[in-house]
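Let's take a walk through this structure together, one piece at a time. Have the sequence and the 3D view open as you read.

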Amino acid sequence: MQWYLRALGEQIEDQEDEAFTLDIAPSTSTLNFEAIRSFRHLDSTLISARALCNNNLSISNALNTLQMAHDPIPFYSQQDQKIRGYLQGIGVLRGKISNSIAILSHGLDLKNGQMAAELNEHLLSLTRNTVDDSLTVKIITVVGLIYLPGDFVAVSW
């Protein structure tokens with residue numbers, strides 16, 4: 001279990017380093033939901049590891065109880081301490097994952113806000129162009145209203 005938790009810890013630290021150094025500028029950003037999903041996957045792995053440790057702890061407690069009836073030297077209590085240490089380590093790793101997910105979520109929110117602001121600017125520009133086009137159409141309509149009746153009368157005579 002110790003090697004497994006160490007490997008998970010290294011993987012979490014690598015991803016944590018990436019999370020803390022991501023650029024959220026929309027044009028260069030590599031921040032996406034995939035980063036959060038990988039942390040969620042690591043978190044679910046740690047949940048499974050915690051369940052296994054809790055099961056091992058209950059087995060170790062039962063074996064310790066049986067062993068104490070025959071031999072007063074507590075072998076399994078040392079195992080209990082190791083497993084409790086693993087459980088504490090899992091808690092620390094899950095805290096790191098939660099922190100990284102929060103940072104990535106805030107980064108995604110900022111990135112989405114920046115993209116929404118750019119989109120709003122573009123829509124505002126389109127709206128201004130539409131208003132200008134509408135004014136042009138009104139002017140053409142007024143000129144047509146003045147010119148066409150006179151043209152009709154001139155052609156009729």
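Which side chain does lysine 96 meet in a salt bridge? The partner is glutamate 13, with 3.4 Å from N to O. Please keep in mind that you are looking at a predicted model. This pair links distant parts of the chain, since lysine 96 sits in helix α3 and glutamate 13 in helix α1, 83 residues apart. Lysine 96 counts as partly exposed because its relative accessibility is 25%, and glutamate 13 is partly exposed too, with a relative accessible area of 40%.

A search of the whole structure finds two salt bridges. Another pairing to look up is that of arginine 94 and aspartate 43, whose side chains meet at 2.7 Å, N to O. Arginine 94 lies in helix α3 and aspartate 43 in helix α2, which covers residues 33-70, so this pair ties together parts that are 51 residues apart in sequence. Arginine 94 is partly exposed, at 21% relative accessibility. Aspartate 43, in contrast, counts as buried because its relative accessible area is 13%, and the cut-off for buried is under 20%.

Now turn to glutamate 16, which belongs to helix α1, residues 2-20.

Which residues of α1 are buried? They are Leu5, Leu8, Gly9, Ile12, Gln15, Glu16 and Ala19. These residues cover an arc of only 135 degrees around the axis, which puts them on the same side of α1. The face turned away from that buried side carries the exposed residues Trp3 and Glu18.

In soluble globular proteins, nonpolar side chains tend to be buried together. The largest nonpolar core of this model has 19 residues, and Ile12, Phe39, Leu46, Ile90 and Ile97 have the most contacts inside it. Helices α1, α2 and α3 each supply at least two residues of this core, and α3 gives the most, with eight residues. Take isoleucine 90 as an example: leaving aside its neighbours within four places in sequence, isoleucine 90 is in contact with Leu5, Leu46, Ala49, Arg50 and Cys53.

Beyond residues up to four places away in sequence, leucine 87 touches Arg50, Cys53, Asn54 and Leu57. Leucine 87 and leucine 57 are 30 residues apart in sequence, with 9.7 Å between their C-alpha atoms. Glycine 91 also has its place in α3, and counts as partly exposed because its relative accessibility is 42%. From glycine 91 to isoleucine 47 the C-alpha distance is 9.5 Å, and the two are 44 residues apart in sequence.

Conventions
Residues are numbered from 1 along each chain as its sequence is written. This is a predicted model: local features need pLDDT of at least 70, side-chain atom pairs count only at pLDDT 80 or more; totals for chains, interfaces and linings use all residues. Side-chain values use heavy atoms; hydrogens and water are left out. Contact means heavy atoms within 4.5 Å. Helices (H or I, at least four residues) and strands (E, at least two) are DSSP runs, numbered from the N terminus. Buried means under 20% relative accessible area, exposed over 50%, partly exposed in between (1.4 Å probe, protein chains only). The arc is that of the directions from the helix axis to the C-beta atoms. A salt bridge is a side-chain nitrogen of Lys or Arg within 4 Å of a carboxyl oxygen of Asp or Glu. A nonpolar core is a set of buried Ala, Val, Leu, Ile, Met, Phe, Trp, Tyr and Cys residues joined through side-chain atoms within 4.5 Å.
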